[in-house]
Amino acid sequence: MTRLGIFPVSYKVRGKKIVIVGGGAEALAKARLAVKTDAEVIVVARKIETDFSNLEVTVSEEIFNASHLENAALVFVGDEGPDADIAKRLTKEAGLPLNVVDQPEYCDFFTPAIVDRAPISVAISSEGEAPVLARLVRAKIEAALPLHLGKLAGLAGKLRNTVETLISSGDRRRKFYQELLTSSKVEKALAEGKDDQANQWANHLLVDHANVDRRTGFVHLVGAGPGAEDLLTLRAQRVLQSADVIVHDQLVPEAVVQMGRRDAERVAVGKAKGRHSFTQKRINQMLVELAQQGKQVVRLKSGDPMIFGRAAEEIEALKAANIEYAIVPGVTAAAAAASDAQLPVTLRNVASGVVYATAHGADDTAVKHWSVLAQSGLTLGIYMGKSIISEVARELVAEGLAATTPVGIVVNAGRANSARCLSNLNDISENPPSLADGPAIVFVGEAVASGAWLQEAADEQKNLNGEAQSSQQVA
Ligand code: SAH
């Protein structure tokens, strides 16, 4: 592989000098390049033999000395002679980048062939090996780039601050620029020299985009985890910090809701069991309306939004209203519960999988999956089963699970007041335990026995970890 012997960079010269040494044809050629920039260009030679008068350069007909290098960015040595030798030496001493025509061994840099559409520039370099080829490439690029490209870039540059104020989302800003830079109307106006017209088109376009930005907000469906502030993902936290409105379930503890931006509006849509203060339809509608007001909305759901979270209905409503949304996963209750109980829900030779299932059907109808679950041989993690735990146990036994199958219950999983107990299907169906207040996960299956269910033992472990927390005792 051929590697480059040079590294192409764009070198800043604004506010500095470009110094050209020599008064002949070579110096003139470099001066022509240098005046493409807005650096101050000075030409120094004890004898000026060429006419520089139609270039914006300062010509000083004197012997080269160190003062000529003050505030210089680049130095070109054009024509051979005594000045050239002094300049080479002084430039090297000053540590400034030097280019000497036809003497590559003295050069710190080479001048590429340049296609100039300021502020866009294309530099083509052949490391001095094939200048003809470089010029050919330049000609092709010249032909490919419209002459007004620079004006277009200038137009975009001028609008920058306004765009920042009017369009809040970076994505939408990019969309605006892309449209501006490819707009045939703007291009045509610039090509015809109608710069004012082009400006007007650009402003129309900007207003359009700004309106869209204001009109549609964004909805994040965010998993809040089981209720501990430090079981939120970093992404969830970041999204909460940028929310205008946080629409949260009752199950999400206040401390987590408070993690949002301080001045965010907060709406509790309370869907705790038995207290449906908002219907799902009303919640869907609210999300759509808030987003249509241009707000950054966080729909904060306990655990993971995609597990028993009615996310499907909300997503459907957002899609129908053409509102952008994204989903941020969370630690689901059963995962937190398994950790609390130190229960590997999958266990070699015992349980080859785990099923998360609900105890209730939609609208509290009976579910039909007990037979399949009883026959599955998998660990069951049952959500929403606390209040009908005896019925669930009886169903599972009726569908063929052994009455001795272990049952583990974790209340307030992942929280400081997490509590748990171990039982079996028979005991639970005949003699349901009294459980602490709070949501619960019910695990059923042979693997359950391998958890750490003794509350005291687990508390001791917590103490050892320096995380002493008051745990509520489960009967
Ligand atoms: N999307 C949530 C589940 C919502 S359904 C998730 O992924 O976790 C509500 C049910 O979740 C409750 O009835 C209960 O069974 C369970 N649950 C939620 N938080 C819990 C917690 N901290 N501890 C135990 N169970 C919890």
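**Ligand contacts and helix packing**

Me: How far does a backbone N or O atom of Pro226 lie from a nitrogen atom of the ligand?
Reply: The model is predicted, with local features requiring pLDDT of at least 70 and side-chain atom pairs pLDDT 80 or more, while totals for chains, interfaces and linings use all residues. Residues are numbered from 1 along each chain as its sequence is written, and side-chain values use heavy atoms, leaving out hydrogens and water. A polar contact is a pair of N or O atoms within 3.5 Å; within protein, one must be able to donate a hydrogen and the other to accept it, and residues adjacent in sequence count only if both atoms are side-chain atoms. The backbone N or O atom of Pro226 lies from the ligand nitrogen at 3.0 Å.

Me: Are H4 and H5 roughly parallel or roughly antiparallel to each other?
Reply: Helices (H or I, at least four residues) and strands (E, at least two) are DSSP runs numbered from the N terminus; axes are lines fitted to C-alpha atoms, for helices over the stretch in contact, and angles run from 0 to 180 degrees between N-to-C directions. H4 (residues 149-166) and H5 (residues 170-182) pack at about 155°, with axes 11 Å apart. Angles under 35 degrees count as roughly parallel, over 145 as roughly antiparallel, 65 to 115 as roughly perpendicular and the rest as oblique. H4 and H5 are therefore roughly antiparallel.

Me: What is the orientation of H10 to H11?
Reply: The axes of H10 (residues 280-292) and H11 (residues 311-320) come within 9 Å and cross at roughly 40°. That angle makes H10, relative to H11, oblique.

Me: What is the value of phi of Asn349?
Reply: Asn349 lies in the loop between helix H12 (333-340) and strand E13 (354-358). Its phi is positive in a residue other than glycine, near 65°.
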